[in-house]
Amino acid sequence: MSIRSISVSNVTKRYGLHRALAGVSLELDAGSLCALLGPNGAGKSTLLGILSTLVRASSGQVAYRRDDGDERDPLALRRQIGVLAHSSFMYGELTGLENLAFYGQLYGVAEARARAQALLDDVELDERARNRPARTYSRGMLQRLALARALLHDPTVLLLDEPFTGLDRTGASSLANALADAKQSERILLVVTHDLEAIAGLTDHVVVLKRGKLVHEDRRSQAVGRADELGFSYEDLKTIYHQHTG
Amino acid sequence: MEFLSQVAAVAWKDLRVEFRSREILYTMTFFAAMVLLIFSFAFVTREGVVLPDVIPGILWVAVAFSGTLGLSRAFDRERESDTMRGLLLAPCSRTAIFLGKAIGIATFILIVEIVVVPMTAVLFGAPLFDHAVPLVLILILATIGYSVVGSVFAAMLLRTRSRDVLLPVVLYPILVPLLIAGTKATAALLEGAGDPTAVADLDAAYFWIKFLAVYDMIFIATALWTFESLVIE
C-alpha cells in the first residue's frame, strides 16, 4: 500500500549542543510538490535525513500514512522512499550501469539490469557513458545517474536535495518534466533547492526553514493536470525566500 | 533468500571494486611481506638458525597490521560519494550490509594469508604445512573474528575525524584475545619444530581453535545486535 501523506510533528534534532531542527511540524501530501527553502545551515538536509529514515529525530514524530493506517515497518518504508542527496552514492570504480544494477539488487527490483537500462535511457546517459566507470563522469552526468538511482524502485516518496545542481539546460528541463510527471502520478515530492526558477510553476507548497525553525509555510491548491497554472511563480518564490531569510 | 542475495551483492560489490582498483590487496600484501622480511633479518642468524618461538608472533603481527590497512580503506571507500548512506537507504536489513562488508574484508585478509603463510614457511624454515587442517582452521576462524570486530569498529568510526589513528587504538584491545589465540595455536603446531623426536601439541592447538570459534560466535552476535545503532545518526 502506498504512502498517501507524511506528517511531521514537532521534530527536533540536536547534535551535541547544536540544535539543527527546533520543533518542526508540517504535512506533505501525495500529488503535491513541496519546496523546502532556507539559507545554508537552516536544517533542510537534516529534515530530509529524518524523512528518509537515515537520521533519528531527537524528539517529535514522523508518521507515514497509508490509506489503511501508518506504515511502521522500516524496510517497507525505505522501499517507498527515493532520495537524491548532495552526494551521488555511486562507486567510482563501477560503471553507471553496474552501480544501478547493484542498487537494484539491494532494492529487490525485478529485472534490475533491464530497469537500470530503461532509467539510463530516461536520464539520457548514452551507451558509451553508462559503461564507463562512474569516476570518469562529469558533475552533471553523476547527477543524472543519481537521479536514475533515486527512481530505480519506483518510489512513492521523492526527497530531492538540490536536484538541479550540475545539470545543463536540457538536463534541468528533463528533470522538471520528470517532477511534473511524478506529481501527476500522485507521489509525495519534497525538493530542497536554491534554484527557484527551476521549480517555479511546479511548486504548490512552500516551506521556509531558518536556524532549524519553520518560519513560513504556504500552500496553493492546483487543478489536477494543470500543474503549470496555479503553482508558485518564480517571483512568488523569490519574494517568500527573501522575506524570510533576509 | 533475499537476505542472502543482498549479503552476496554487498560482498561481491566490494570484491569487484577492489579487483578494478587493486589498491587494498596490493597495499596489504606488500605491507605484510615487508614485516616478514624485516623480521627475517632480525631473527634468522647467519648460520640459518631461527628462533622458533617468534615465528607465530611474526605471522600474526603481519596479518593483524595489514588487516587494519585493509579495513580502514574498505570503509573509507564507503565515505567517498557517501555510499554508506546509499546502502543504508536501501530496503534491506542492516545486518545484510554488515555481513556483506565483513565477508569482503575477510576475503581480502584470506588472500593476504595465502601469500604470507607460505612466505613465513620459506623465510623462517617453519614447517607450517605439516598440520595443514588445523592451520587452515586457525586462519579461517581468526580471519572471521578479525573481520567481524574490525567491520564494527570501522563502521563506528566512519564519520569521525582521525579515524585512521583511532581504528587501531580501539580495535586492538578487543582483538587481543583473538591474536593471542591465533599465536598460541600456531605455536602449538610448531612445537618442537627442528627437533625430529618432538611432535606438535595438537591438543593445545585444538583448544585454541575452539577458543577462536567461541570468540567468533560472541562477536558475530554482538556485531549483528549493535551494527544498526552504530550507523544511524
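**Notebook: two chains and what joins them**

I began with the boundary between the chains, and the rule finds two salt bridges across the interface of chain B and chain A. I kept in mind that this is a predicted model.

One salt bridge I looked up links the side chains of A:Glu98 and B:Arg16, with 3.7 Å from N to O.

**Entry: a helix in chain A**

I moved on to helix α10 of chain A, which covers residues 234–245 and has twelve residues. From its first C-alpha to its last I read 16 Å, close to the 16 Å expected at 1.5 Å a residue.

Which residues of α10(A) are buried? My list reads A:Leu237, A:Ile240, A:Tyr241 and A:Thr245. Looking down the axis of α10(A), I saw that these buried residues fall within an arc of 100 degrees, so they line one face of the helix.

I then checked what that face packs against. In chain A, the buried residues of α10(A) pack against β3 (32–37), α8 (196–199), β9 (205–210) and β10 (213–219).

**Entry: a sheet in chain A**

Here I traced an open sheet of four strands in chain A, in the order β2-β1-β4-β5, with antiparallel pairing. At the edges stand β2 (18–29) and β5 (69–70) of chain A, each with a single partner strand, so one side of each has no neighbour in the sheet.

I looked further into one pair. Strand β1 (residues 5–15) and strand β4 (residues 59–66) of chain A run antiparallel and are joined by six bridges. For A:Thr12, I noted A:Ser59 as its bridge partner in β4(A).

**Entry: one threonine in chain B**

My last stop was B:Thr143, which I found in helix α6 (residues 132–156) of chain B. Is B:Thr143 buried or exposed? I put B:Thr143 down as buried because its relative accessibility is 2%, and buried means under 20%.

Which residues does B:Thr143 touch, leaving aside its neighbours within four places in sequence? I wrote down contacts with B:Ala106, B:Ile109, B:Leu110 and B:Glu113.

Notes
Residues are numbered from 1 along each chain as its sequence is written. Chains are lettered from A and ligands numbered from 1 in the order in which they are written. This is a predicted model: local features need pLDDT of at least 70, side-chain atom pairs count only at pLDDT 80 or more; totals for chains, interfaces and linings use all residues. Side-chain values use heavy atoms; hydrogens and water are left out. Helices (H or I, at least four residues) and strands (E, at least two) are DSSP runs, numbered from the N terminus. The expected span of a helix is 1.5 Å times one less than its number of residues. Buried means under 20% relative accessible area, exposed over 50%, partly exposed in between (1.4 Å probe, protein chains only). The arc is that of the directions from the helix axis to the C-beta atoms. Contact means heavy atoms within 4.5 Å. Two strands pair if DSSP finds at least two bridges between them. A salt bridge is a side-chain nitrogen of Lys or Arg within 4 Å of a carboxyl oxygen of Asp or Glu.
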